[in-house]
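Student: Could you walk me through this model before I set anything up with it?

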Amino acid sequence: MNLLRKLLSRTATTGLAAAALAAALLPWDWTAWAAWACATAALVLAWRAHPELGPDRDRFARGVAIAALGVLAAQQGAVPAAIAAGALLVVVGFEPLLAVAVATGHMTTANLAVQRDRAWFTPRVTGEAISAGGGVLALAAAGSIITGSAGPLWIAAAAALATAGTAAAGAAGALLHRRRSAHAGDGAVIAALEALEPAFIVHFSGPPGSVYQLDMWLPYLDRLGDPYAIVAREKVHLEELRARTEAPIIVAPSMSELERLLVPGVKAAFYVNGSALNTHLVRFGHLKHLQLFHGESDKASSFNKVTAIYDAVFVAGQAAVDRYRAHGLDLDFRKVGRPQLAAVATGPRTASGPRPVLLYAPTWTGLTSEFDYSSLAIGKRIVEEALRRDLAVIMRAHPYTRFNLAAARRLDEIERLLADDAERTGRAHLWGTQATGPSLVDCVNAADIAVCDVSGVATDWIASDRPFAVTDMAGLGERFPDEAWIAKGAYRIDRDAANLAAVFDELLHTDSKAPQRKETREYFLGATTGDAAVEHFIAEARRAYRG
């Protein structure tokens, strides 16, 4: 359903605009109002999805909707209708160039004291002006149909010309400013950043839904005690980041903007993932480039040779060091445990409840089959086995799960199964936002046993020293622990889920791997745990960027 809603949101605007133009060309009286309604709805949807200027967001649909209104209005006044629609179409047509002009000298920020000399020509104001021009044309078209007069259309023509003229004047001024100093950047933001005197920046890039990768590190970056700024490369993350931190946030989509943010005093850059855009910053050799990553696992991405571009790599324990070295990488490793696990309760679950709780946390499918460790193909059978044994289930899916249509369908099927079972039996299952809203640590503390894939969840779960199983989706069999080292302390679930009954017997009753699990836990996470791990990370991070 989520994918269907996204698909409709992407196609509805264009579909309504096309329907409006088709209806406007028909000769019947009733089609005029149908055309007006469809065109107005298309413009409203475009405005809601695109509150700020964006060069390609619904541009075609907005143009078609405006053209449809122009055709309608022309029946009452051809000249003012042509002026109004034509002026708006020119602005929409040149919107990519206008977007470049607007962005010149204006970077989007949050939590940063920015004083601007020129505030009238901004992305928000310009985008709203274009939307307002379409709205005036829609109102004028309706007024002219009702009154049979061209008067309202002349008002729309004047408003459209004013919008076009203002956009042209602002764009010309901004482009001239850019021509005088091609890489001047946003002077107000640069000045505010210089006043902040950050010791380091945090570089963040990723698709929508990636903020969790940075969020897990923010409390510990705050405790370093030095001012810092977050540089986000995509604007889509701004509002979510604003809600999660008081640290200054600057959106810098281009390399030239990023370069200008390296104000005096910045000694280092932290990274939390392996985004390709990290290379835009790593090229600056005077900075120390420190990779934190957002989890640790036996996935192939955890020994990627690209990691060699960083000056230091923060890892949890000796397992990560050995994994990199086994694949030809001997880097400056900083073993700091996982400070995020300080609040994990070790040993049997302390929370009371009528039945044991299973945490099922499958990973996503990856961008290619090489990185696909997801068990969602057998996820329903895993959950059915848990229900057969009267367990409550916490179904915590990876944030990227719905990027893949097949994975999304399988997740929907599991969630329906849990919803039906909860209604029928009263078992307190958690899924969707109920399971992803709390932190992973909260979910670990609420569960007695876990089933996960080769992923960072396995490494985090082992801090609890409670039984868990890892899925062998590559079908490695007895060779599985040689490839996925975390499996030495876990129970292996076959790719076809044929051994589920035996695995659940171990998880709930026998637990024959308890001694091996303790050894694996220390190998992956080190001997330092709890608050001591947090203090150890803080000390190592300070040493890394202060020198």
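Tutor: We can begin with the whole chain and then turn to some local details.

Tutor: This is a predicted model, in which local features need pLDDT of at least 70 and side-chain atom pairs count only at pLDDT 80 or more, while totals for chains, interfaces and linings use all residues. Residues are numbered from 1 along each chain as its sequence is written, and side-chain values use heavy atoms, with hydrogens and water left out.

Student: How many helices and strands are there in the chain?

Tutor: The chain has 23 helices and 13 strands, taken as DSSP runs (H or I of at least four residues for helices, E of at least two for strands) and numbered from the N terminus.

Student: And what share of the residues is buried?

Tutor: Of the 547 residues, 51% are buried, meaning under 20% relative accessible area with a 1.4 Å probe, counting protein chains only.

Student: At what angle do the axes of H3 and H4 cross?

Tutor: Helix H3 (residues 59-74) and helix H4 (residues 78-93) have axes that come within 8 Å and cross at roughly 175°, the axes being lines fitted to C-alpha atoms over the stretch in contact, with angles from 0 to 180 degrees between N-to-C directions. H3 is therefore roughly antiparallel to H4, a label for angles over 145 degrees.

Student: Switching topic, where is Asp-465?

Tutor: Asp-465 sits in the loop between helix H19 (456-461) and strand E12 (468-471), and has a positive phi of about 60° although it is not a glycine.

Student: Is Asp-465 buried or exposed?

Tutor: Asp-465 is buried, its relative accessible area being 13%.

Terms used. Buried < 20%, exposed > 50% of the residue type's maximum accessible area, 1.4 Å probe, protein only. Parallel < 35°, antiparallel > 145°, perpendicular 65-115°, else oblique.
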